[in-house]
Amino acid sequence: MKKLLVEFHAFFLWLMDTICLLFCKKKLKKSTSVLLVRLDNIGDFILWISSFEHIRKKFNNKKIILVANKSFAKLAKDTGYFDQIISINVRKFKFNIPYRWHTLIKVSQLNVNIAIHPCYSRNFYVGDTIIRASKATNKVGSSGDLNYTSTWQRVISDRWYTQINSAVDKLLMELDRDIEFLLGLDIKVKEPQISKLPKLTDLPDSINVSEDYFIIFPGASWAGRKWLSKSFAEIGRYIFQYYGYKMIVCGTRPEFKDAEIVIKQSSVTDAINLAGKTTLSQFCELVRRAKLLIGNDTSAVHIAAAVKTPSICLLGGGHYGRFMPYPKNIKGVKPIAVFSKMECYGCNWRCIYKYDKNKAVPCIHNIRVDDVIIEVEKTLSKIKVNSV
């Protein structure tokens, strides 16, 4: 029944979009502007920045417009990399027809020549529809997978593109996948690189910590990917006791209570809870100054890599190999993945085991504190040696 409702919703949106776009005015003049569509998550965007550098070089002197998920649109603006940014509330775009129509009309009037949708896991409701609305002469996308779309949706949406870049049907780390897509744009890159974030903002006095500190990021997009609070607390207590670094716990506003629990269980004096108290750009700058970041498999570890801060990622098996670990041949400060390997890895977070829905799935739950401490020791020992 649920699947049937999802399919009906997709068909309904397609019908509403068709009606809306029938009344959109055609572009009035030729354009050389390039439209880039990134409506996935923060971590995906951070990883893709290294790929964007090559796109910018190819389309030098052309106006580049980014259609961005509202969650990272302000950060994208703060990089200074894009000439124009259109922010979209993705959830609202899926369920609010007036907002959806307003957005589609706005995109259709941008008057762009090329529209590029580099996401491997395309979404019929969102990214594909923006490409459809763009009215660009050339529309480029990836053959991708069917993680977020059905076969009939892919048959329809493929027709909205003038060029579909082929993607190999095997597991690739996202940085390698981005290079694969660039080949379809006739951009050849020898090997992947870690993204680099420029300075985005100054930190206000309220969150500007003068002491040496480390960051714990205990949040995740859903409970199944969250390592135990008491385990994070143990790690925080260990670093505080043996290295004397100040402990800062970060996250989103809804994760403030989770952060409080970690602090309380750690018994670390003077720990700071900044969950929900920073903008995304401020968080990036906070991470840039940290000695170490420890977190779940979220955007935080990719941000750490992009600002050259050591990080440790508690990695589950749902997307193992796609976003983490980073390729061995890549240079830079890579996140260190700590995991408990299971035969079911690669399940796309469709766990085959019974587990408490309010707690982590087994591959996350089974990660041992001792294994994380070993990586903490290795990382912080290197920092001490380099600082001497």
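Biologist: Where is D270 found?

Modeller: D270 sits in the loop between α10 and β9 (272-273). The labels come from DSSP runs, numbered from the N terminus: helices are H or I with at least four residues, strands are E with at least two. This is a predicted model, so local features need pLDDT of at least 70, side-chain atom pairs count only at pLDDT 80 or more, and totals for chains, interfaces and linings use all residues. Residues are numbered from 1 along each chain as its sequence is written, and side-chain values use heavy atoms, with hydrogens and water left out.

Biologist: Is D270 buried or exposed?

Modeller: Start with the cut-offs. Buried means under 20% relative accessible area, exposed means over 50%, and partly exposed lies in between, using a 1.4 Å probe and protein chains only. D270 has 61% relative accessibility, so it counts as exposed. Its phi is positive, about 65 degrees, although D270 is not a glycine.

Biologist: What is the phi of N61?

Modeller: N61 has a positive phi of about 70 degrees, and it is not a glycine. N61 lies in the loop between α2 and β2 (64-69). With a relative accessible area of 73%, N61 is exposed.

Biologist: How is a pair of packed helices described?

Modeller: Two numbers do it: the angle between the axes and the distance between them. Axes are lines fitted to C-alpha atoms, for helices over the stretch in contact, and angles run from 0 to 180 degrees between N-to-C directions. Take α9 (residues 229-243) and α10 (residues 256-266): their axes come within 8 Å and cross at roughly 55 degrees. That makes α9 oblique to α10. The classes are roughly parallel under 35 degrees, roughly antiparallel over 145, roughly perpendicular from 65 to 115, and oblique for the rest.

Biologist: Which residues make the contact of α9 and α10?

Modeller: Contact means heavy atoms within 4.5 Å. From α9 come S229, K230, F232, A233 and R237, and from α10 come I261, V262, Q265 and S266. They divide into four nonpolar, three polar and two charged. Here Ala, Val, Leu, Ile, Met, Phe, Trp, Tyr, Cys and Pro count as nonpolar, Asp, Glu, Lys and Arg as charged, and the others, Gly among them, as polar.

Biologist: How many residues has the largest nonpolar core?

Modeller: General idea: in soluble globular proteins, nonpolar side chains tend to be buried together. A nonpolar core is a set of buried Ala, Val, Leu, Ile, Met, Phe, Trp, Tyr and Cys residues joined through side-chain atoms within 4.5 Å. The largest one has 61 residues, and L36 and F45 have the most contacts inside it. Helix α2 (residues 42-58) gives the most to this core, with eight residues. Apart from it lies another core, of 36 residues, with M247 and Y345 among them.

Biologist: What does L36 touch?

Modeller: Leave out residues up to four places away in sequence. L36 then touches W48, F52, I55, I64, I65, L66, V67, F82 and I116.

Biologist: How many residues of helix α12 are buried?

Modeller: Eight of the eight residues of α12 (residues 299-306) are buried. What covers them includes α2, β7 (213-217), α11 (280-288), β10 (292-296) and β11 (311-314). After α12 comes K308, with a positive phi near 65 degrees.

Biologist: Which peptide bond is cis?

Modeller: The bond from M324 to P325 is cis, with omega near -10 degrees. P325 lies in the loop between β11 and β12 (336-338).
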